[in-house]
Amino acid sequence: MHLERILHAQGFGSRKNCRILVRHHAVTVNGEPCDNPFADFDTDKLAFTVNDEPWEYREKAYLMLNKPANYECSHKPQHHPSVFALLPHPLLERGVQCIGRLDEDTTGLILMSDDGQFIHRMSSPKWKVPKIYEVGAKHAVDAEQIRQLLEGVQLVDEPAPIVALACKQISDQVLHLTLAEGKYHQVKRMLAAVGNRVESLKRIRIGELVLPDDLAEGEWRWLTESQLALLNGAARA
């Protein structure tokens with residue numbers, strides 16, 4: 001593939017802008033400078049830099065982000081900064097999207113991609129990909145509340161009770177709640193339905209993918225092939 005096409009596909013602007021980058025000696029490929037935008041390269045495991053920033057060619061983008069509080073999962077945020085402001089510009093140029101949304105005050109694991117099929121598999125209720133939330137409740141949680149969450153609670157405007165797949169009590173006021181749906185304010189509404197209230201909410205797992213301890217709030221990283229396989233496996237289950 002021509003270098004200008006590679007850079008364009010990876011989000012570095014129009015082909016014209018990519019040619020300018022190359023001709024202005026801003027690009028190296030596999031450690032070597034290249035000023036020919038029409039040079040051909042095999043994209044398999046291709047490593048390059050743009051303005052000394054290292055990149056690896058990826059046909060599709062798959063990444064995870066540890067969402068901080070007070071960020072909105074929208075390209076057009078209303079009250080707080082967008083989570084997309086935490087990503088480098090080439091990923092935005094590629095059209096990376098959030099897979100599902102977290103409320104502005106909810107933290108934790110969120111997936112992003114520019115692969116429409118992957119986005120659909122991970123977000124469609126049809127596939128029932130489980131998600132685990134760490135819930136900090138205002139009041140102590142008792143056995144009756146856990147029973148109700150596991151048996152199902154009726155929420156306003158929902159035709160049927162909403163059931164938690166699992167509910168593990170971590171401490172008096174902390175639960176790990178597993179859900180297979182992503183309805184509006186679902187965890188908050190479920191806790192309210194059993195007579196409690198959410199004080200803090202963090203998504204810690206999607207399918208078999210656990211939020212890494214070493215991924216700080218506001219940071220992102222590429223998904224590895226093994227992580228991607230785990231997620232695709234969860235979406236086929």
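In the predicted model, the side chain of Gln145 reaches the backbone oxygen of Val194 at 3.2 Å. Gln145 lies in helix 5 (residues 143-151) and is buried, its relative accessible area being 8%. Beyond its neighbours within four places in sequence, Gln145 is in contact with Ala140, Val194, Gly195 and Asn196.

Ten salt bridges are found in the whole structure. One of them joins the side chains of Glu4 and Arg19 (2.8 Å, N to O). This pair links distant parts of the chain, with Glu4 in helix 1 (residues 3-9) and Arg19 in helix 2 (residues 15-23), 15 residues apart. Glu4 is buried at 6% relative accessibility, whereas Arg19 is partly exposed at 24%.

A further salt bridge is formed by Lys188 and Asp105 (2.9 Å, N to O). Lys188 is partly exposed at 23%, as is Asp105 at 42%. Through shared partners, salt bridges join Asp103, Asp105 and Lys188 into one network.

The largest nonpolar core comprises 51 residues, of which Leu7, Met112, Val135, Leu177 and Val187 touch the most other members. A second, separate core of 16 residues includes Phe118, Ile119, Ile206 and Leu209.

Definitions and conventions. Residues are numbered from 1 along each chain as its sequence is written. This is a predicted model: local features need pLDDT of at least 70, side-chain atom pairs count only at pLDDT 80 or more; totals for chains, interfaces and linings use all residues. Side-chain values use heavy atoms; hydrogens and water are left out. Helices (H or I, at least four residues) and strands (E, at least two) are DSSP runs, numbered from the N terminus. Buried means under 20% relative accessible area, exposed over 50%, partly exposed in between (1.4 Å probe, protein chains only). A polar contact is a pair of N or O atoms within 3.5 Å; within protein, one must be able to donate a hydrogen and the other to accept it, and residues adjacent in sequence count only if both atoms are side-chain atoms. Contact means heavy atoms within 4.5 Å. A nonpolar core is a set of buried Ala, Val, Leu, Ile, Met, Phe, Trp, Tyr and Cys residues joined through side-chain atoms within 4.5 Å. A salt bridge is a side-chain nitrogen of Lys or Arg within 4 Å of a carboxyl oxygen of Asp or Glu.
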